[in-house]
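Work through the exercises below with the sequence and the model at hand. Each task is followed by a solution in steps.

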Amino acid sequence: MVLESSKWLMFLVCWHFKNVSCNSVAQKIYVELNNTVPCVRLLNATHQIGCQSSISGDTGVIHVLESEADLEWPLSKGPNPPYMVLLESSLFTRSIMMKMKNASSRVAGVVVVLKTSPPEFSPHTTCPNENTGVYTDTYDHNLAHCNTTVWNPQGNGLSYEEFDFPVFSLKEDNETEVIKQCYFDHNRAVNGSGLQYPLCAMQLFSHMYAVTDTATCIRRKNIDFSSSPVIVCDPLGDYNVWASIRPYNNTAFGHKENESVVIAAARLDSRSFFLQDSTGAEGSISGFVTLLAAAQALREVTQEAPPTRNILFAFFQGEVFDYIGSSRMVYDMKNDKFVIDLDNVHSILEIGQVAVRSGANLFLHSDPVSRRNYTVNNEVTNLVNNLQSSTAGLNFSLVEAGFSQPLPPSSLQRFLRARAIPGIVLADHQTAFNNRYYESFYDNAAHLNLTYPSNLSPEEQLEFVTDTAKSLTEVATAVARALYKQAGGNDAQVNNINADPKMVTQMLYGFLVRSNNSWFQAVMAPELKDFLQPNPPQYYVGVARSSHQAKALTSLVQYLLANLTGTATNLTQSQCQKPDELPNESTHMYSYLWVQGMVPPNSTQRESFCVRAAVRLAKAESPAFELEDYTSKEYSTWTESQWKFIKARIFLVASRDLEVLTLGVGVAVLFTSLLVTYFVSTKADVLFSDVREPARAAY
Amino acid sequence: MTAAVFFGCAFIAFGPAFSLFIFTIAKDPLRVIILIAGAFFWLVSLLLSSLVWFIATKATNAQDLTLQKDLLIFGCMFSVILQEVFRFAYYRLLRKANEGLAAISEEDGPPLSVREMAYVSGLGFGIMSGAFSMINTLSDSLGPGTVGLFGDSQYYFITSGVTSIALTLLHTFWGVVFFEGCERKRWWVIAVVLCLHLMVTSLSLLNPFYVGSVPPVYAIMLLMAVWAFFSSGGSLHNITLLWTCRKSNTETSS
């Protein structure tokens, strides 16, 4: 009776677990895993990277890897290949992954459980974007291919390897517990004896349609067999966000007479091995948050005492994948498709990774090759002086990095590829990156030591000024002052330029902890409020969409920049959508955005209003796709493969013997029943002799 | 689990029904028609009873698990009763049709005896019942996994197939006995058939006891086999006759 009641309990538990009545056999067999992040396939002009599963999924017996030596079991000793290897994040290293890649007939797939961060981990290459920067063999042989400085020495290049088995990642939650429980119940060898069937197995589906490289998959897209073409891959891209102190007419492209512009640049995107799990706290967020704070700091002073030159704030998307955004902007400038062109650019200041300091210094990197030119060198020295004098009264100082050292990977390199423009990249590292988790999923809020006291509610955490925010605010103040001086502003006004630490900490909270907070809700448009989630936004640039809507991160930065540099107007909502009808407003010069606004303390209705700002979106797709040159060495050719569905599930597998036994019994039953039936049917008249009696009686 | 299990279970479940169909039904088109009509009648009865159960579940609280379980039991019992009602209805229909068929057939007398109709309609009910309960399981047996993650027995598929044989043959025997009882106006036979059907159904409600529910069902099936054999004109004498016939055949031929 105990057995029966426990079986009843199992039945009811099963019922409850599925919260629908347990009468489908599939529900008895499979447990679907919902919170998985797959590794997908990306292609460029020459390679395919990422992971691929077979079209009907890859099934393997689960094996939880305990150490690197334990790899022998799935790779050689284990009796039930193929295996699905479950790793903790500390074992997710290049040597283990390469060993599994070489024995891929015995490995059905890999599942990585993300736990505590290892001391350092970077799946990116050691020399990021080495072929599309400015340092080619023709530019300077000694500086090319990171011969002088290796920027990312911990890089193990895993993100750029190709695996022919699926690799998924799981967080440490209930689903992972179910998997581990299944493993411990069924897959552990007891007392050295062999494993008992049934064994716990997992199946991963992540079949990717595109193969070989971008040119092949685009060619396959263009073969038009029917009216609807089959698309197997999509180019990466999104939109760049740019804003200027003095607005430009958005319909007048090309060179502008007597316009001299200082460009302040930062990058928005980052990546990790599992693309949808990209964070990039130090890699990109530190840079663009500093630039946003600097833009806000400059707003008042540039209206009271405008500088001679214009300042253009540019936030580039897709920089991780061979500088998609900046190469597109340079291409547009060269081809008169942008409001200014390269002759109008006076100098460039780029904010790189600035949050992880080793000491009280930040470093100014410049390009030694262009500085061999006398004018360029003078301009750069001028910019360096402006920057160094801007740190007066702040808790850090700016030091020039070594003179013979090249620029770190930065958007400035793409500008230099077109023209020798004086420029500086501001970073917290002198030679190699201080970022031990460059382009990995550990580059998150914890990496920046973004800690909040535990008893705060989310709204209180939003307002709490962390130490990280304070140090970034100082950097933003220095950047804003330097930009003002560089643009020829009045020196007397410089000390009035200060970045707001509250704004910086709110931005850090929104971009690193949760984007669904009250401030972000207030600055966003009502129709885009679904972009705000309880998680940070996604930093992977993603696939370029044909609609004119930018992705969550880009839209958020666009609306924030509008809020920080624009002005609130009195226009109503319908006027905000058609401002050209009003005499003093023009959509050529400004963009008009209707935002939700704050909720006043005593009511529930938001006070929405119309923001007028000189903020624009510029398409950030690689020129290679415009020019249809899919094997281009000049521009980024990255595309992402398409897939039908991606899912994962666990179940038990039975032994081969039981399956063959079932088939044997079936065949035996079939033949036996055929024989018996034949026999009985031929002797039916003897066996069922009663049948004849009614017939005789009828006579 | 895989193709091996799929084919194995399909052969187990449908092997006897298939062989019965080939050797006894397929040659005579009239029998085929009665078989398919019988299957249809069973399907209609199941449709109506599942409609009742569906309305009952939707009208009540879906979160109350004990109530849902009780509703399932009620639904099963109601379905059994409705199936027997439809069996009786089919009997009446066949009796009526038999007169019409006798009028148009070329031979003298009815083309099918009541016993043959009983057997064919019972087999029709059985095939459709077996298919209905087995097809869902078979389609899931094609995937790579097997039952057991939630503590069920790993012999689930074999047990399902074996139970399906029993169900098919039981329906056949019940059909024979039921029609015979209706012919001879022995109404207690109908009551006994109904009770046995309810008993078999409630054994399936004991799941997840899977392997343990098979022996009682097979015991009932053997009992019904014997009863149907005697009810359709067989006797021990005939069996001994069979043996001696064979013996005499072998004697004369040798």
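Predicted model: local features only at pLDDT ≥ 70, side-chain atom pairs only at ≥ 80, totals over all residues.

Residues are numbered from 1 along each chain as its sequence is written, chains are lettered from A and ligands numbered from 1 in the order in which they are written, and side-chain values use heavy atoms, with hydrogens and water left out.

**Exercise 1. Describe the make-up of chain B and of chain A.**

Step 1: Count helices (DSSP runs of H or I, at least four residues) and strands (runs of E, at least two), numbered from the N terminus. Chain B has eight helices and zero strands, while chain A has 20 helices and 24 strands.

Step 2: Take the extent along the principal axes. The C-alpha atoms of chain B fill a box of roughly 65 × 45 × 30 Å; those of chain A span about 125 × 60 × 60 Å.

Step 3: Find the share of buried residues (under 20% relative accessible area; exposed is over 50%, partly exposed in between; 1.4 Å probe, protein chains only). In chain B, 48% of the 254 residues are buried. In chain A, the share is 57% of 699 residues.

**Exercise 2. Describe the interface of chain B and chain A.**

Step 1: Count residues in contact (heavy atoms within 4.5 Å). Chain B gives 53 residues and chain A gives 50 residues.

Step 2: Find the buried area, that is, the accessible area (1.4 Å probe) that two parts lose on being put together, summed over both. About 4600 Å² is buried between the chains, with 74% from carbon and sulfur atoms. B:Pro144, B:Leu149 and B:Phe150 supply 16% of the area that chain B buries against chain A, more than any other three residues.

Step 3: Search for salt bridges (a side-chain nitrogen of Lys or Arg within 4 Å of a carboxyl oxygen of Asp or Glu).

**Exercise 3. Is B:Val5 buried or exposed, and which residues is B:Val5 in contact with?**

Step 1: B:Val5 is in helix α1 (residues 3–25) of chain B.

Step 2: Read its accessibility. B:Val5 counts as buried because its relative accessibility is 1%.

Step 3: List contacts, leaving aside neighbours within four places in sequence. B:Val5 is in contact with A:Glu659, A:Thr662, B:Ser141 and B:Phe157.

**Exercise 4. Which parts of chain A does the salt bridge of A:Glu88 and A:Lys180 tie together?**

Step 1: Check the pair. The side chains meet at 3.4 Å, N to O.

Step 2: A:Glu88 lies in strand β6 (residues 83–88) and A:Lys180 in helix α5 (residues 174–186), so the pair ties together parts that are 92 residues apart in sequence.

Step 3: Compare accessibility. A:Glu88, at 24%, counts as partly exposed, whereas A:Lys180, at 14%, counts as buried.

Step 4: A:Glu88, A:Lys115, A:Glu172 and A:Lys180 are linked in a network of salt bridges.
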